[in-house]
Amino acid sequence: MKTDDWNVAERMKKANIPGLSVAFIDHGRLNFQGHWGKLAVGDEEKVQSDTLFNACSISKFAAAMLALVLVEDGTLGLDENVSDRLLAWGIPEHSEYDYMGITLRRLLSHQAGFADPEGSYGKYSREHGIPSMGELLRGKTDYSQEPASLVAEPGTRFVYTDTGYCIIQGLIEDATGEPFAKVMQDKIFVPLHMNHSRIVASDLDICPGSAAGHNKHGERLLTPYTVYPFPAAAGLWSTPSDLAFLLMELLDSLQGKGKLGISDRMAAEMITSQGCFQWTGLGVFLDTVNDRLEFSSLGWGMGYQCMLIAYPDTGKGAVLMMNADPGVHQNQSLLGQLADLWRHEQFG
C-alpha cells in the first residue's frame, strides 16, 4: 500500500476528522492496517489498530452473516414464512398485503414491505433503557411509538429499514432461545477471532479506549459515544481489522473454504441481486465498478461513518472507519476519497 502518498493527515485536518482507521485485503488476506489521529479532540490518546468505532449499519452485514450461519445449520429457513418462528412479537394481519409472505430473504434484502416509523430508532438514553424487540416492534417504547406494520406487498418494493433487522434480531432470539449478543459472540466473533468486536446496547457496554464521536466541524459530541440499542440493525462496535476478518470469511466461503459453515452456494446468494431491486443482496449492496462486481456495506450515525467494500473476483477488500459524521455520503467524504485512491492502486 502507498498510504504515505495519500496525505492522510492533511486530508483529515481539512475535513475535520479527528481519528481514522483502515484495513485492506488482497487475495483474500489482510495485507495492510493503518491508523491516524486521536480518539477525541482535546485528548492525547491516539487511535490504535485495536481502537473500536461504532460500525453503525455495517451491523446489518454481520447480522446477515449470522442469519446465514443459522440457515445452514437448520435453525432458520431462508424462504420460510417467519411468522411460524416469531414468539415475542407477531406480524400484524393486513387486509391488503400478504403478511404471510414475509421471509428471512426479504427481510435481509429490505423487501419485506416494512418501513421505519417517522422519528424512530434514535440513540440510546438511560431514561428509556434497552428495549426488547417485542416491545419495540409493538410501538411500546420511546424509540418507536408506532407499531411495525406493512406499507407494501412483500417482495414488490425496496425500502431500506431498521425495522426489518429488528425483526431478524427477534427471529434469531426466538429461534435460538439466546440473546442476540450471545449468539453473535458464539457463532461469529469467537470462531473468527474477532477479539475487538462487541455488541453495544447501552453506554455501559462501551469498551474503554473506544473512539469518541464528533460532528462535521470536528467538535466532540456532548454525549461522546452514540449507542443505538437495536443490535442487529446498528449495535456493532468493531475495528477495521476485525471487520476485515468477517469480510474474508465471506470471500473464503465463496470458495467453499469458510470456517462458519456457509456454503459456496449460500455465499454466492448473498452477493446476488435479490427480488425486485437490482442493487441489493442479502445484507449487502451491489454495484459494478471498473467492470467488476463490488459489494458493500455502509455505516453512518451520529458522530461516526464507515464503509466496507470488496471485489469477489480478485479477493480484494477495504474497511474504513472514522470518528466523525462529515454530513455527506461516504462517496463524498474522506472515506470515499481514500477508497478511490485504494481502487486506483489496485485496478489503475
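Residues are termed buried when their relative accessible area is under 20%, exposed when it is over 50% and partly exposed in between, as calculated with a 1.4 Å probe on protein chains only. The model described here is predicted, and for this reason local features are reported at pLDDT of at least 70 and side-chain atom pairs at pLDDT 80 or more, whereas totals for chains, interfaces and linings use all residues. Residue numbers run from 1 along each chain as its sequence is written, and side-chain values rest on heavy atoms, with hydrogens and water left out.

Helices (H or I, at least four residues) and strands (E, at least two) are taken as DSSP runs and numbered from the N terminus. Helix H2, which comprises the 14 residues 59–72, is mostly covered, with 13 of its 14 residues buried. From its first C-alpha to its last, H2 reaches 20 Å, close to the 20 Å expected at 1.5 Å a residue, where the expected span is 1.5 Å times one less than the number of residues. H2 is followed by Gly74, which has a positive phi near 90 degrees. In the loop between H2 and helix H3 (104–108) lies Ser95, which counts as exposed at 81% relative accessibility. The C-alpha atoms of Ser95 and Ala181 are 35 Å apart in space, the two residues being 86 apart in sequence.

Aromatic rings of Phe, Tyr and Trp (its six-membered ring) are paired if their centres lie within 6.5 Å, and a pair is called stacked when the planes are under 30 degrees apart, edge-to-face when they are over 60 and tilted for the rest. By this criterion the structure holds 12 aromatic pairs. The ring centres of Trp6 and Phe24 are 6.0 Å apart and their planes stand at 80 degrees, so this pair is edge-to-face. Because Trp6 lies in the segment before helix H1 (8–15) and Phe24 in strand E1 (residues 19–26), the pair ties together parts that are 18 residues apart in sequence.
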